[in-house]
Each structure stands twice: as C-alpha cells, then as structure tokens.
Amino acid sequence: MPKMKTKSSAKKRFRVRPGGTVKCGHAFKRHILTKKTTKSKRQLRGITNVNAADVTSVKRMMPTA
C-alpha cells in the first residue's frame, strides 16, 4: 500500500490547530492594493479560520495533519 501524501499547495496555505480548527491567511491582500481602502487592507491582516464547510476538504488534502 503506498503512502498517503499531503498536497503541497495545502501544506503551504493551511495549519491545523490542536483543537481541530484550520487556520489560513486572508485572500485579496496580495496585489492591486491601490484601489482598496486602508480600512479593508487593515482588516485583512493576520489569520482567520477556514469556513466550517471547507474544513473537511482541507483535512482530506492533509491526511497526516
């Protein structure tokens, strides 16, 4: 039986916390920032939790996490 592999794209984007929630960075903060307001850019700082509807698919991509 071959080993189960982690998707490389998922391991770069997500981390599974000890409680089982998955953390990730915000979207829309990489480029074309001149037209975005200072408030929206400030609120996109930091990390957020993955939506509950997407947690199962993220965990499927990361079988050992």
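**View 1. The largest nonpolar core has eight residues: Ala10, Phe14, Val22, Cys24, Val50, Val55, Val58 and Met62.** A nonpolar core is a set of buried Ala, Val, Leu, Ile, Met, Phe, Trp, Tyr and Cys residues joined through side-chain atoms within 4.5 Å. Buried means under 20% relative accessible area, exposed means over 50%, and partly exposed lies in between, with a 1.4 Å probe and protein chains only. Strand E2 and helix H3 (55-61) are the elements that give two or more residues to this core. Helices (H or I, at least four residues) and strands (E, at least two) are DSSP runs, numbered from the N terminus. The model is predicted: local features need pLDDT of at least 70, side-chain atom pairs count only at pLDDT 80 or more, and totals for chains, interfaces and linings use all residues. Residues are numbered from 1 along each chain as its sequence is written, and side-chain values use heavy atoms, with hydrogens and water left out.

**View 2. The whole chain holds three helices and three strands.** From the N terminus on, the elements run α-β-β-α-β-α. The C-alpha atoms fill a box of roughly 50 × 25 × 20 Å along the principal axes. The radius of gyration is 15 Å, whereas a compact globule of 65 residues would have one near 11 Å. That radius is taken over C-alpha atoms, and the globule rule is 2.2 Å times the number of residues to the power 0.38. Of the 65 residues, 14% count as buried. The protein exposes about 5,600 Å², and carbon and sulfur atoms supply 55% of this area. Accessible areas come from the Shrake-Rupley method with a 1.4 Å probe; for residues, only the protein chains shown count as cover. Among contacts between residues at least 6 apart in sequence, 54% join residues at least 24 apart. Contact means heavy atoms within 4.5 Å.

**View 3. Three strands form an open sheet in the order E1-E2-E3, with antiparallel pairing.** Strands E1 (14-16) and E3 (47-49) stand at the edges, each with a single partner strand, so one side of each is left without a neighbour in the sheet. Neighbouring strands are turned by 30° against each other on average, direction ignored. Axes behind this angle are lines fitted to C-alpha atoms, for helices over the stretch in contact; angles run from 0 to 180 degrees between N-to-C directions. Two strands pair if DSSP finds at least two bridges between them.

**View 4. E1 and E2 (residues 22-25) make an antiparallel pair over three bridges.** Val16 has Val22 of E2 as its bridge partner. Arg15 stands opposite Lys23 in E2. Five residues lie between the strands of this hairpin, and Gly20 takes a positive phi near 105°.

**View 5. E2 and E3 also pair in the antiparallel sense, over three bridges.** Cys24 has Thr48 of E3 as its bridge partner. Side chains alternate along E2: Val22 and Cys24 point to one face and are buried.

**View 6. Cys24 is in contact with Arg13, Phe14, Ile47, Thr48, Asn49 and Val50, leaving aside neighbours within four places in sequence.**

**View 7. Gly25 lies in strand E2.** This residue is partly exposed, with a relative accessible area of 41%. Gly25 touches Arg13, Gly46 and Thr48, not counting residues up to four places away in sequence. Gly25 and Gly46 are 21 residues apart in sequence, and their C-alpha atoms are 6.8 Å apart in space.

**View 8. Phe28 is found in the loop between E2 and helix H2 (38-43).** Phi of Phe28 is near 65°, a positive value in a residue other than glycine. Phe28 is exposed, at 67% relative accessible area. Ile32 lies in the loop between E2 and H2. Its phi is near 55°, again positive in a residue other than glycine. Ile32 is partly exposed, at 47% relative accessible area.

**View 9. Ala52 lies in the loop between E3 and H3.** Ala52 is exposed, with a relative accessible area of 65%. Ala52 and Thr21 are 31 residues apart in sequence and 8.6 Å apart in space, C-alpha to C-alpha.
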